[in-house]
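Hello,

Here is the structure we talked about passing on. My notes on it follow below.

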Amino acid sequence: MKKFNSSMNLPAYLFLSPALVLMGLFLIIPALMAIYYAFTDYYLLTPDNKQFVGLANFIEIFNDPIFLESLKNIVLFVVCVIPIQIGAALGLALLINKNRKGNIFFKIAYFAPVVLSLVVISVLWLYLLNPSEGLINVLLEKVGIDPQPFLSSPKQALYTIVFVSAWQGAGYQMLIFLAGLQNIPGSVYEASKIDGANKWQNFIHITLPLLRPTTLLIMITTFIAAFKLIIQPMVMTQGGPMNSTMTPVYYIYQSGFSDRLIGYSSAMTVVFGVVIGLITIVQNKLSKGDD
Amino acid sequence: MKKLILLVFCMCLAVVVTACSNEQTSSENANEVSMWVHTSNETAEGKAMQSLIDQFNEENEDGYTAKIEFIPRSGSGGGYEDKINAALTTDSLPDVLTLDGPNTAAYAEAGMIAPIGDYISNKDDLLPSIIQQGTYNDQLYAVGYSESGVGIFYNKQMLEEAGIDLATLPTVEEPWNWNEFEDLSETLVKEYNQPAIDMGLKDQSEWLMYAFTPFLWSQGGNIVSEDGTKATGVFNDENSVKTMSFIQGLVEKGYTTKTPVEKGFQTGKYPMMMTGSWTIAEMNSSYPDIEYGVMPYPTSPETNELVSPSGSWQYAMSATTDKEEAAGALIDFLTTTEALTKISLENSVLPAATSVIEEIREEVSPQMQVLINQNAKSAHARPVLPQYPKVSRTFQETISDLTYFEENQDIQKLLDDKASQIDKALQ
């Protein structure tokens, strides 16, 4: 490999510098500060008066029923939302992969929720899901199902948010799947046709295996995004009913900015960051082992 | 060429960064007071404030002037408070600021605001709830410039059709108790076959704290002990259990609902609604056809003591200011009868002082008069605690949890849990 000379390095670093500066300012420095604050009793209103408190914040976290509940909720959320969202994305991608008239329309329609702000989506579904006058319940009644409480039931609220989130996010993964699908060479399908494979066999033995790299990428990104759930519960349920939709990021936000306990919420951030980091590492290991 | 572009880019970045960094809040002029307010200059409240400041600038005899900066807050209270928090870290608070009632204790405890009792000449005239809300550790730190209140709004036509004689309805002078409230609800539920009253149980928000604590206070209960150190033994005592059973009963018996129809009262679907002074303005502008009246808060049958919600935004002086005299003069001016009257009338909010009540009584609607009278007689400020946000949220959760009566039949256990959560926050 050719050795780079230093006169070429300088412009390279210069071009990198805006990205590095911004990343440093908005990601790395805040992350380091959060780790530092996690060991202090930083109270939002007395920024000049921080005391080092050692592990006190961390001990409190593991005795905080709301934080533990929020961890339980988010795991349940992720486990439910990933198969639904990715399944839906793949299904939609397969639907619009064929050359049909009006495909563009469907492509835009499926993608539209991704473009809208999550707050708008949440408010929209809040109206649709209203127990007494929402469209969904009116439709359910028409087909003879009793009106459902949806967001106002501790048993249904989280699953309702799973559904709304999957509906909102699937369009994005659909586009990536579509790109993956279009990368599969047509010759492979021609060969299988000659061998007499039917559509289902095509899908199982050709499409899915060749989509594997795309699927892995989507899995990991969706996974991380799903763990960061905050806007939907914030707008739709305020973490209720009975904390059934409280998520770690939402609780961190509440502790930090409503309760003003920056030290405590920084400690939660650190714990939560470590948890996600570990899961991502395991996920990476597993997927590499398979190859 | 590329290098040139890069150079230009870097220079632009440098300019932007330096431009952001230098912000001077406090004016150089030793007689000019800087003031931050949470509203926009487009609102009625903002306009009234601006004209008061203009008047101050013209009339002040000691040559003090003031400069007002509008920092509108978003729906959930963000925006303005974010700016205050940021100013704290850079030590750039204005000389005078507005703050929401429940923030008094936290701001005073953190040493952000200074006691202003000595500057306020109109102190004896202010409503007790205003003093209560602005006092922390026996010192007055902030003065509310208006009040708020809540009553039971009722649809006259719907009540009459249910066979109720409107002349027998309760008044502030002769209030009603929880049992009578339940009886009326029962009648209305039977007549209309749907919840009788929308009590705003839909969202878990500050409303639950603001509107439901008076029931607890009327019963003689409280959330935390007098010295503000403990909730266990207070929030889970007999009075709390009785109050919470009453509230849960309202949902369980179908008198109210946790999933009300949007604008149910305004559109004539529900006969009653528990709501505040702001609904009066809404009814006037958007639903002029609905004839409605306002009843006072129901009281505990054991005490018959009328207690009603109150609370408002207030003026305070920053503790870091070096213009105490000027800032004190401004707050004093803003809390005179004349200034308070102006803001009450223009913003259609409840008055904060006895003299203002006299000034505007003739000019406001009969519905507003009920709330004004109730306020003067029974307004109770929310607890003045540095840990208020967490205490309030736990109380909100308690009310919200209660409405799930099937899951929370054991009120004592629920209250034990919540009290220990509050204890943790108070430590």
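Of the 291 residues in chain A, 31% are buried. This is a predicted model, and chain A in it holds 13 helices and 0 strands. Read from the N terminus, the order of elements in chain A is therefore α-α-α-α-α-α-α-α-α-α-α-α-α. The C-alpha trace of chain A extends about 75 × 75 × 35 Å along its principal axes. If you take the contacts in chain A between residues at least 6 apart in sequence, 68% of them link residues at least 24 apart.

Confidence

For the complex, the predictor reports an ipTM of 0.83 and a pTM of 0.87. Chain B has a mean pLDDT of 89, with 93% of its residues at 70 or more.

Where the chains meet

The contact between the chains involves 22 residues of chain B and 19 residues of chain A. On the chain B side, helix H1 (2-21), helix H3 (80-90), helix H4 (104-109) and helix H15 (388-402) each contribute at least two residues. H15(B) has the largest share of that side, 5 residues. By type, the chain B side consists of 9 nonpolar, 6 polar and 7 charged residues.

Domains of chain B

The domain assignment divides chain B into domain 1 (31-148 + 311-380) and domain 2 (150-308 + 387-426). Taken over C-alpha atoms, the centres of these two domains of chain B are 29 Å apart. Between them, 20 residues of domain 1 of chain B are in contact with 18 residues of domain 2 of chain B. The elements that give two or more residues to the domain 1 side are H4, helix H14 (366-378) and strand E14 (379-380) of chain B. H14(B) gives the most to that side, with 9 residues. The domain 1 side divides into 9 nonpolar, 10 polar and 1 charged.

Cores

The largest nonpolar core contains 120 residues, and those with the most contacts inside it are B:Met35, B:Val96, B:Met272, B:Ala316, B:Leu330 and B:Ile331. Helix H8 (residues 206-219) of chain B contributes the most to this core, 9 residues. Because domain 1 and domain 2 of chain B both give residues to this core, it lies between them. A second, separate core has 31 residues, including A:Ile86, A:Leu151, A:Val162 and A:Val164. Returning to the largest core, B:Val96 is among its residues with the most contacts. Leaving out residues up to four places away in sequence, B:Val96 touches B:Val33, B:Met35, B:Tyr315, B:Met317, B:Ser318, B:Ala327, B:Leu330 and B:Ile331.

Strand E13 of chain B

How many of the 6 residues of strand E13 (residues 313-318) of chain B are buried? The count is 6 of 6, so the strand is mostly covered, a residue being buried if 20 or more other C-beta atoms lie within 10 Å of its own. Strand E3 (residues 96-100) of chain B pairs with E13(B) in the antiparallel sense over 5 bridges, and B:Thr98 has B:Tyr315 as its bridge partner in E13(B). Strand E4 (residues 113-114) of chain B is joined to E13(B) by 2 bridges, also antiparallel; here the partner of B:Ala114 is B:Met317. Strand E7 (residues 142-144) of chain B runs antiparallel to E13(B) and is joined to it by 3 bridges, with B:Ala142 bridged to B:Ala316.

One loop residue

B:Glu305 is in the loop between strand E11 (292-295) and strand E12 (308-309) of chain B. B:Glu305 counts as partly exposed because it has 15 C-beta neighbours inside 10 Å. Apart from neighbours within four places in sequence, B:Glu305 is in contact with B:Ser218, B:Thr299 and B:Ser300. B:Glu305 lies 196 residues from B:Glu109 in sequence, and their C-alpha atoms are 32 Å apart.

Regards

Notes. Residues are numbered from 1 along each chain as its sequence is written. Chains are lettered from A and ligands numbered from 1 in the order in which they are written. This is a predicted model: local features need pLDDT of at least 70, side-chain atom pairs count only at pLDDT 80 or more; totals for chains, interfaces and linings use all residues. Two residues are in contact if their C-beta atoms, placed from the backbone, lie within 7 Å. Helices (H or I, at least four residues) and strands (E, at least two) are DSSP runs, numbered from the N terminus. Ala, Val, Leu, Ile, Met, Phe, Trp, Tyr, Cys and Pro count as nonpolar, Asp, Glu, Lys and Arg as charged, and the others, Gly among them, as polar. A nonpolar core is a set of buried Ala, Val, Leu, Ile, Met, Phe, Trp, Tyr and Cys residues joined through C-beta atoms within 7 Å. A residue is buried if 20 or more other C-beta atoms lie within 10 Å of its own, exposed if 12 or fewer, and partly exposed in between; C-beta atoms are placed from the backbone. Domain bounds come from an automatic or database domain assignment. pLDDT is the predictor's confidence in each residue, from 0 to 100. Two strands pair if DSSP finds at least two bridges between them.
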